[in-house]
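Reader: I would like a close look at one part of this model, taken slowly and with its surroundings kept in view.

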Amino acid sequence: MEQRELLIDAFDRISTIVHRVVEGASADLLAFRDDDEANTIAWLVWHLTRVQDDHVSDVAGVDQLWTSEWAARFELPLPVDSTGYGHSSEQVASVVAPAELLLGYHDAVHDATVEYLDTLEADDFDRVVDTSWDPPVTLGVRLVSVIGDDLQHVGQASFVKGVAQRAGVA
């Protein structure tokens, strides 16, 4: 199995879990917060998708799907370049979207990610994509970093869904 095939498998698994969490979810479930500082399912899925869109678009040298198409559909009261990093509790709460919109954006980013990964050869993963770190970050390391971040956030979304359902939110 080649590196790109492993990475595609990882992104496919993330997408499968995103769908498991979000498909058919009510607005109340997507907006559930265990307390005023907690992240919502909607925010977690939007954020993991935004980071993937931002990072993969950057290394692929293409426009982000969010800024070119999806931000206008969501109409969030956030700067268009926001990815969720450092968001306040109020900003987290402002990420409200129906399941279909969250999944549409996630699926578009997932498809673009897989399309990009399909173009890569083994030597591409050693290309330096960020020199602001010591050591500099290679393409392979950046992609694994995105996968790690996505897995954490989709796991959190799954947990929040379980807590919300046990609290009676449908």
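In which kind of crossing, left-handed or right-handed, does α3 pass α6? Please set the answer among the other contacts that these helices make.

Author: In this predicted model, α3 passes α6 in a left-handed crossing. As for the setting, the protein has 7 helices and 2 strands, and from the N terminus on its elements follow the order α-α-α-α-α-α-β-β-α. Its radius of gyration is 16 Å, close to the 15 Å that the globule rule gives for 170 residues, so the protein is as compact as a globular protein of that length. The C-alpha trace spans about 50 × 35 × 30 Å along the principal axes.

Two packed helices are described by the angle between their axes and the distance between the axes. For helix α3 (residues 41-60) and helix α6 (residues 99-117), the packing angle is about 25° and the axes are 10 Å apart. Because angles under 35 degrees count as roughly parallel, α3 and α6 are roughly parallel to each other. On the α3 side the contact is made by A42, V45, W46, L48, T49, R50, Q52, D53, V56, V59 and A60, and these meet L102, Y105, H106, V109, H110, T113 and Y116 in α6. Sorted by class, this contact of α3 with α6 has 11 nonpolar, 5 polar and 2 charged residues.

Helix α3 also packs with α7, at an angle of about 170° and with the axes 9 Å apart, which makes α3 roughly antiparallel to α7. Here α3 contributes I41, W43, L44, V45, H47, L48, V51, Q52, H55, V56 and V59, while the residues of α7 that take part include L139, L143, V146, H153, A157 and V160. The contact of α3 with α7 has, by class, 14 nonpolar, 5 polar and 4 charged residues.

Just after α7, G168 takes a positive phi of about 95°.

Turning back to α6, its packing with helix α4 (residues 65-74) has an angle of about 170°, with the axes 11 Å apart. Because angles over 145 degrees count as roughly antiparallel, α4 and α6 are roughly antiparallel to each other. From α4 the contact draws on L65, W66, W70, R73 and F74, and from α6 on L101, L102, G104, Y105, A108, V109 and A112. Its residues divide into 10 nonpolar, 1 polar and 1 charged.

Two loop residues complete the surroundings. Most residues other than glycine have a negative phi, and most peptide bonds are trans. E75, a residue other than glycine, has a positive phi near 55°, and its place is in the loop between α4 and α5 (89-94). A cis peptide bond joins D134 and P135, with omega about 5°, and P135 lies in the loop between β1 (128-130) and β2 (137-138).

Key. Residues numbered from 1 in each chain as written. Predicted model: local features only at pLDDT ≥ 70, side-chain atom pairs only at ≥ 80, totals over all residues. Heavy atoms only, no water. Helix = DSSP H or I, 4+ residues; strand = E, 2+ residues; numbered from the N terminus. Axes fitted to C-alpha atoms, helices over the stretch in contact; angles between N-to-C directions. Parallel < 35°, antiparallel > 145°, perpendicular 65-115°, else oblique. Left-handed = near helix turned anticlockwise from the far one by under 90°. Contact = heavy atoms within 4.5 Å. Nonpolar A, V, L, I, M, F, W, Y, C, P; charged D, E, K, R; others polar. Rg over C-alpha atoms; globule rule 2.2 N^0.38 Å.
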